[in-house]
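Me: I'd like to go through the pockets of this protein with you, one question at a time. Could you take a look at the model below?

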Amino acid sequence: MALRTTFALFPSGVAALSAVVEGEHDKEPVVLVASSFQVGISLDPPLVLFAVQHTSSSWPKLKTGARIGVSVLGEAHDLAARQLASKALHATDRFAGIATTTLDSGANFIHGAPVWMECSIYSEVPAGDHDVVLLQVHAMGTAPDTEPLVWHSSAFRTLTPKV
């Protein structure tokens with residue numbers, strides 16, 4: 001499909017949105033991996049956004065959390081990103097071997113991310129076959145020396161500085 005190919009040629013960062021929420025039997029981590037994550041939407045209040053497909057099975061669970069941890073993934077997370085996004089794995093199995101930190105708020109973060117943000121849902125807007133979700137940022141942190149993971153042309157890439 002020409003439109004999908006065209007969209008794939010726009011490079012974007014990759015974010016893991018995660019929280020520990022009430023599950024079927026106990027609290028469990030839920031994650032959604034998004035290449036549609038955008039920053040700089042608003043400074044007052046501080047807002048970021050991402051888009052999620054209506055068919056997502058993770059989003060209905062994730063949005064029940066009081067706070068959502070957003071981890072912008074680094075270049076070392078290429079395999080972790082595929083594992084976290086896997087539809088074949090149960091939610092808890094998606095985190096096997098991946099180091100995380102969960103705050104008292106339930107926000108869950110992936111270790112080694114160049115950017116992390118603790119967020120809450122500000123609003124959701126229907127947009128075709130997706131919903132656009134605005135998140136309000138309550139806390140953040142950075143590791144400026146960590147290179148980001150980039151999604152481009154349907155593959156993970158890394159940035160290479162021009163010389």
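This is a predicted model: local features need pLDDT of at least 70, side-chain atom pairs count only at pLDDT 80 or more; totals for chains, interfaces and linings use all residues.

Me: Which elements each supply at least two residues of the lining of the largest pocket?

Reply: The largest pocket has a volume of about 1,500 Å³. Of the 35 residues lining that pocket, those closest to its centre are Ser-35, Ser-36, Gln-53, His-130 and Trp-151. Both helices and strands give at least two residues each to this lining, namely α1 (2-8), β3 (27-34), β5 (46-53) and α3 (78-85).

Me: How many nonpolar residues does the lining of the largest pocket have?

Reply: Sorting this lining by class gives five charged residues and eleven polar ones. The nonpolar residues in the lining number 19.

Me: Which element gives the largest share of the lining of the second largest pocket?

Reply: The second largest pocket has a volume of about 290 Å³. Among its 19 lining residues, Glu-28, Val-30, Lys-61, His-90 and Ala-91 are the closest to the centre. The largest share, five residues, comes from β3.

Me: How many charged residues are in the lining of the second largest pocket?

Reply: Here the lining divides into seven nonpolar residues, five polar residues and a charged group. That charged group numbers seven.

Me: Which element of the protein chain has the lowest mean pLDDT?

Reply: Across the protein chain the mean pLDDT is 92, and 100% of the residues reach 70 or more. Among the elements, strand β6 (residues 68-72) has the highest mean, 98. The lowest mean, 85, belongs to α1.

Key: Residues are numbered from 1 along each chain as its sequence is written. Side-chain values use heavy atoms; hydrogens and water are left out. On a 1 Å grid over the protein atoms alone, a cavity is a set of points where a 1.4 Å probe fits but cannot get out, and a pocket is an open set with protein on both sides within 12 Å along at least five of seven lines; lining residues have an atom within 4 Å of a point. Grid points are joined across faces, edges and corners, and a volume is the space filled by probe spheres set on the points. Helices (H or I, at least four residues) and strands (E, at least two) are DSSP runs, numbered from the N terminus. Ala, Val, Leu, Ile, Met, Phe, Trp, Tyr, Cys and Pro count as nonpolar, Asp, Glu, Lys and Arg as charged, and the others, Gly among them, as polar. pLDDT is the predictor's confidence in each residue, from 0 to 100.
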